[in-house]
Amino acid sequence: MSTLDLRRATRRRPALEIDVRDVPAADLEAARDNWRERMASEHASARVFAALVAPMMRAGLPEDDVRRVSEMVTQELDHARLCARVLVALGGEAVTTMPRLDDVPEHAGVSPLAAVLRNVISIGCCSETVAVALVATERELAGPEAVRRVLDQILADEIKHSRLGWRLVKRHAPLLSLRDRADVEAYLPDVFEHQLRFHAPFLQMPCASDAGTAIGAPHGRSNWTVFVECMTQTIVPGLEACGLGAAEAWAEVQRRRAAA
Amino acid sequence: MNEQSKRAEARRRGAWIAARVASVGGIALAAAGIAMSAHAEPTDRAAAEARTRATHDDSAPLPLEALTIRSAKGCGCSPCWGPPAPPEPSSAEALA
């Protein structure tokens, strides 16, 4: 386990001003936890975009797209620093233990294009699209101007990350060979299962008050609802519109879970 | 506006932005920036409100909750952010 220490980086920037006098203690603590975890998560996600660059080159994707993805690495690192500044403004310390960092799959045995699309669907079309819905919701509920500005910046970048995923899938999925299409579709149940597993902790999270959600304390039930609606009303239909069998994959995940 | 209504309205706008990003028209919307999130109106307000009543009541069961609680061991931790391991090839595929 390594440590992520953004205290020095935070000190180099002007302090954010966030008034927390009306926030219940439990909600303030939940908000600090959320921004600290988000700081680590944003930092860790930089490695995922970095791992996309070589496979995109291997698949012969346009230089513009490769460049955009390489810029996303820096954007994610910047998000971690933004989260650190909010954490400090809430009275926390911008240091945390980094969790285990899993390898990004290389998808040996499938074509370079299918390998890229598998990861792009998971990252751009699923994770980042859910992130857009969640951050946009949180931004609507944000109170202090400083929190709102940070969420604005994060949201603007998450929109770019999601949009790149959808653009690549829309461009390439309809033209896939039968073999490549089968390889991409075979991965969809695992992608969806992963999304459910990743977001399931929302169901155990407390539900913060208005004052708490205004500074970033999570409302577990609300977040879960955002996630499920985004999956069922945006992502699955969106992938279907690209000619991929996403509805069947989503149904397969639910059958697996019902049988478990 | 009470807390539940405010959250439901925020979710509606969040879902709408995500849907636009995922759609062809989303490219134009995203380029226009986030300011639109505060001003643009979703086109299907009636449907959104119906969903709000059905799923956004804080005392109502949540969609997919039962399946998830029964069988998921959610981690929610950052190392899981990223694509999952691919499926194992079947024995026939491995031999091919």
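Ala, Val, Leu, Ile, Met, Phe, Trp, Tyr, Cys and Pro count as nonpolar, Asp, Glu, Lys and Arg as charged, and the others, Gly among them, as polar. The model is predicted: local features need pLDDT of at least 70, side-chain atom pairs count only at pLDDT 80 or more, and totals for chains, interfaces and linings use all residues. Residues are numbered from 1 along each chain as its sequence is written, chains are lettered from A and ligands numbered from 1 in the order in which they are written, and side-chain values use heavy atoms, with hydrogens and water left out.

**Exercise 1. Describe the lining of the largest cavity.**

Solution.
Step 1. On a 1 Å grid over the protein atoms alone, a cavity is a set of points where a 1.4 Å probe fits but cannot get out; a pocket is an open set with protein on both sides within 12 Å along at least five of seven lines; lining residues have an atom within 4 Å of a point.
Step 2. The structure holds 5 cavities of 30 Å³ or more, and the largest has a volume of about 60 Å³.
Step 3. Among its lining residues are Phe49(A), Val69(A), His161(A) and Leu168(A).
Step 4. At least two lining residues each come from α2, α4 (112-141) and α5 (145-172) of chain A; α5(A) gives the largest share, 4 residues. Helices (H or I, at least four residues) and strands (E, at least two) are DSSP runs, numbered from the N terminus.
Step 5. By class, the lining of this cavity has 7 nonpolar, 3 polar and no charged residues.

**Exercise 2. Describe the lining of the largest pocket.**

Solution.
Step 1. The space in the largest pocket is about 930 Å³. Grid points are joined across faces, edges and corners, and a volume is the space filled by probe spheres set on the points.
Step 2. Of the 45 lining residues, Asn34(A), Arg38(A), Leu134(A), Phe198(A) and Phe202(A) lie nearest the centre of the pocket.
Step 3. Two or more lining residues come from each of α2, β2 (95-97), α4, α6 and α8 (220-241) of chain A, with the largest share, 9 residues, from α4(A).
Step 4. The lining of the pocket divides into 18 nonpolar, 18 polar and 9 charged residues.
Step 5. Arg38(A) also has its charged end over the ring of Trp35(A), 4.6 Å from the ring centre. The criterion is NZ of Lys or CZ of Arg within 6 Å of the ring centre and within 35 degrees of the ring normal.

**Exercise 3. Classify the aromatic pair of Phe49(A) and Trp81(B), then that of Phe192(A) and Trp250(A).**

Solution.
Step 1. Rings of Phe, Tyr and Trp (its six-membered ring) pair if their centres lie within 6.5 Å; planes under 30 degrees apart count as stacked, over 60 as edge-to-face and the rest as tilted. The whole structure has 3 aromatic pairs over all chains.
Step 2. Phe49(A) and Trp81(B) have ring centres 6.1 Å apart and planes at 40°, so this pair is tilted.
Step 3. This pair crosses between chains, from helix α2 (residues 25-58) of chain A to the loop between α5 (65-71) and α6 (91-95) of chain B.
Step 4. Both Phe49(A) and Trp81(B) are buried (under 20% relative accessible area; exposed is over 50%, partly exposed in between; 1.4 Å probe, protein chains only).
Step 5. Phe192(A) and Trp250(A) are edge-to-face, at 5.7 Å centre to centre and 80° between the planes.
Step 6. Phe192(A) lies in helix α6 (residues 178-199) and Trp250(A) in helix α9 (residues 246-259) of chain A, so the pair ties together parts 58 residues apart in sequence.
Step 7. Phe192(A) counts as buried at 0% relative accessibility, and Trp250(A) at 8%.
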